[in-house]
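Hi,

Here is the structure I said I would pass on.

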Amino acid sequence: MLTITKEFHFSASHVLDKLPSWHKCSRMHGHNYVVVLELAARPEELTEAGFVRDYADLDAFKTWLDETLDHQHLNDAMGISPSAENMALWLFGRWADRYPELVAV
Ligand SMILES: [Zn+2]
């Protein structure tokens with residue numbers, strides 16, 4: 001199995017509203033997030049150019065990330081309790097069809 005990864009960055013606020021009120025993450029705060037997409041393919045699945053997927057194809061994800069999540073309040077923008085794990089699931093669910101090689105967020 002061959003894998004490629006690419007890192008994306010954005011900044012946003014969130015509240016982890018499922019935590020008890022004494023937990024500091026239950027208050028609004030922000031992060032500079034790093035999203036890593038990992039894509040994989042078997043050797044026989046590589047493109048004719050020898051790629052798991054052309055990195056240029058991932059530009060669409062960056063554009064969407066900037067428009068959808070950058071400088072947003074994630075609870076509102078995502079409609080979930082935005083823990084890192086829930087965010088990864090949310091992102092995977094929205095991009096796995098577009099990038100069938102996607103194996104991890
Ligand atoms: Zn946080």
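This is a predicted model: local features need pLDDT of at least 70, side-chain atom pairs count only at pLDDT 80 or more; totals for chains, interfaces and linings use all residues.

The protein chain has three helices and three strands, and from the N terminus on they come in the order β-β-α-α-α-β. Along the principal axes, the C-alpha atoms of the chain fill a box of roughly 55 × 25 × 20 Å. Of its 105 residues, 9% count as buried. If you take the contacts with a separation of 6 or more, 63% of them are between residues 24 or more positions apart.

Now the sheet. The three strands form an open sheet in the order E1-E2-E3, with antiparallel pairing. E1 and E3 each have a single partner strand and stand at the edges, so one side of each is left without a neighbour in the sheet. On average, and ignoring direction, neighbouring strands here are turned by 35 degrees against each other. Helix H1 (residues 59–68) packs on this sheet, where it touches E1 and E2. The direction of H1 makes about 10 degrees with that of E1.

As for the individual pairings, E1 (residues 2–14) and E2 (residues 29–41) run antiparallel and are joined by 13 bridges. At one spot in that pairing, Leu2 stands opposite Ala41 in E2. Two bridges join E2 to E3 (residues 102–104), again antiparallel. There, Leu39 has Leu102 in E3 as its bridge partner. As you know, strands of a sheet pair through backbone hydrogen bonds, either parallel or antiparallel.

One residue I looked at in more detail is Leu74, which sits in helix H2 (residues 74–78). Is Leu74 buried or exposed? Leu74 counts as buried, because it has 24 C-beta neighbours inside 10 Å and the cut-off for buried is 20 or more. Leaving out residues up to four places away in sequence, Leu74 touches Ala12, Ser13, His14, Leu69 and Pro82. I also checked Leu74 against Phe8: the two are 66 residues apart along the chain, and their C-alpha atoms are separated by 16 Å.

That's everything from my side for now.

Cheers

Notes:
Residues are numbered from 1 along each chain as its sequence is written. Helices (H or I, at least four residues) and strands (E, at least two) are DSSP runs, numbered from the N terminus. A residue is buried if 20 or more other C-beta atoms lie within 10 Å of its own, exposed if 12 or fewer, and partly exposed in between; C-beta atoms are placed from the backbone. Two residues are in contact if their C-beta atoms, placed from the backbone, lie within 7 Å. Two strands pair if DSSP finds at least two bridges between them. Axes are lines fitted to C-alpha atoms, for helices over the stretch in contact, and angles run from 0 to 180 degrees between N-to-C directions.
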